[in-house]
Amino acid sequence: MKAALITGITGQDGAYLARLLLNKGYKVYGLIARRSTDTTWRLDYLNIKNEVDLIEGDMTDLSSLIRALNFSKPTEVYNLAAQSFVGTSWEQPVLTANVTAVGVVNLLEAIRLTNPAIRFYQASTSEMFGLIQEPMQSESTPFYPRSPYGVAKLYGHWITVNYRESFGMHTSSGILFNHESPLRGIEFVTRKVTDAAARIKSGLQSELRLGNIDAKRDWGFAGDYVEAMWLMTQQEVGDDYVVATGKTTTVREMCDIAFSYLDLDYQDYVVIDPKFYRPAEVEVLLGDPTKAITKLNWEPETSLNDLVRMMVDADLQRVKQEVSLVAGV
Ligand code: NDP
Ligand code: GDP
């Protein structure tokens, strides 16, 4: 039986990837950071909490990573753990570097010390392109990160490439463009919008405060993107792949899709609040997934319209549950 260790299993992608690997017959282990409150709600949401084995550990603690590897004996390791929110990376740049950059080399070292034959996936990001150097970003586009998060991820990307080239390890870097789902953290703009639309429709909220709504992103569905992660570790050799839809949309248009689905006009509710502007913005991202499509035989399957509607439906459902809980019904 194949075994996989997923760091960041309590996050959006970790939960979807765990489900995918379980469906493929893997024994799935997850590294879980010690927190004072329960962080497993996404595993509950997908109904897989009892099917995965959680091992306590932290990306900043090399010894805990070695222990997790010795215990789980995986054939594949997926490094999805990170301080992943761009906004927070300006407030906590050192923590972001420790977890999102140095954490990667901790894990690679732990693998090199325990079993260098393990296949490794690194969750890289389109944020590494930042101030874009080409209108459509591919594996050969030069990087220009614009946030402490992007800078930290760039280290993670290059150290992954370096361990492949230095030690012949099977390491892959997936340069994933933004991907969303009903399990997306509420601080990211898509979930913030779909949650607000659901609350406004239900009479629980009156406005939605946003920053730069002219920013453009290449948004896909997390459920589609975890498939690409798995495909990378199945190849004969490790490599780097852009995973994207090849379409870009403004935050403004995304708001329109969410609100009009509920017969609302976003312009009646969205208030621009400079508090949400970033010290340095990534204005536009647009990925070229040709390599992933041709070499991995991967395809993005969910349109932005369907994705946003799926998220709005899930948030409406949550709001209903909240309301009935408060009403005691
Ligand atoms: P999330 O923020 O939802 O999940 C991050 C995970 O990392 C959580 O499980 C979190 O645990 C864990 N984590 C944070 N700090 C530590 C630590 N010190 N030690 C161990 N675990 C830790 O991210 P996503 O699922 O959205 O993304 C997965 C990965 O892909 C991340 O690395 C992200 O940067 C990257 N990525 C994401 C994109 C996207 O659009 N979603 C795009 C490109 C890359 P806890 O629950 O306890 O906080
Ligand atoms: P990112 O691409 O990883 O930074 O993902 P986010 O979902 O956090 O942000 C996507 C884009 O939406 C960025 O260009 C933000 O500046 C923009 N944006 C506009 N208003 C907001 C907001 O209120 N919250 C967030 N998170 N982003 C916003």
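Guide: A residue is called buried under 20% relative accessible area, exposed over 50%, and partly exposed in between. The model is predicted.

Visitor: Is F167 buried, exposed or partly exposed?
Guide: The relative accessible area of F167 is 40%. That value falls between the cut-offs of 20% and 50%, so F167 is partly exposed.

Visitor: How many aromatic pairs are there in the whole structure?
Guide: Rings of Phe, Tyr and Trp pair if their centres lie within 6.5 Å. With that cut-off, the search of the whole structure gives a count of aromatic pairs, which is 10.

Visitor: What kind of aromatic pair do Y163 and F167 form?
Guide: The ring centres of Y163 and F167 are 4.9 Å apart, with 75° between the planes. Planes over 60 degrees apart count as edge-to-face. The pair of Y163 and F167 is therefore edge-to-face.

Visitor: What separates Y163 and F167 along helix α6?
Guide: Both residues belong to helix α6, residues 148-167. They are 4 residues apart there, so the separation is about one helical turn.

Visitor: Is Y163 buried or exposed?
Guide: The cut-off for buried is under 20% relative accessible area. Y163 has 7% relative accessibility, so Y163 counts as buried.

Visitor: Which parts does the pair of Y225 and W298 tie together, and how many residues apart are they in sequence?
Guide: The rings of Y225 and W298 are edge-to-face, with centres 5.4 Å apart and planes at 80°. Y225 is buried at a relative accessible area of 0%, and W298 is buried at 2%. Y225 lies in helix α8 (residues 222-234), while W298 lies in the loop between α10 (290-295) and α11 (304-327). The pair therefore ties together parts whose separation in sequence is 73 residues.

Visitor: The charged end of which residue sits over the ring of W230?
Guide: A charge sits over a ring only within 6 Å of the ring centre and within 35 degrees of the ring normal. The charged end over W230 is 3.8 Å from the ring centre, and it belongs to K24.

Visitor: Is α3 parallel, perpendicular or oblique to α5?
Guide: The axes of helix α3 (residues 62-72) and helix α5 (residues 93-114) come within 9 Å and cross at roughly 45°. The contact includes L62, L65 and I66 of α3, and G103, N106 and L107 of α5. The crossing is right-handed. Roughly parallel needs an angle under 35 degrees and roughly perpendicular needs 65 to 115, so α3 is oblique to α5.

Notes
Residues numbered from 1 in each chain as written. Chains lettered and ligands numbered in written order. Predicted model: local features only at pLDDT ≥ 70, side-chain atom pairs only at ≥ 80, totals over all residues. Heavy atoms only, no water. Phe/Tyr/Trp six-rings, centres within 6.5 Å; stacked < 30°, edge-to-face > 60°. Helix = DSSP H or I, 4+ residues; strand = E, 2+ residues; numbered from the N terminus. Buried < 20%, exposed > 50% of the residue type's maximum accessible area, 1.4 Å probe, protein only. Axes fitted to C-alpha atoms, helices over the stretch in contact; angles between N-to-C directions. Parallel < 35°, antiparallel > 145°, perpendicular 65-115°, else oblique. Left-handed = near helix turned anticlockwise from the far one by under 90°. Contact = heavy atoms within 4.5 Å.
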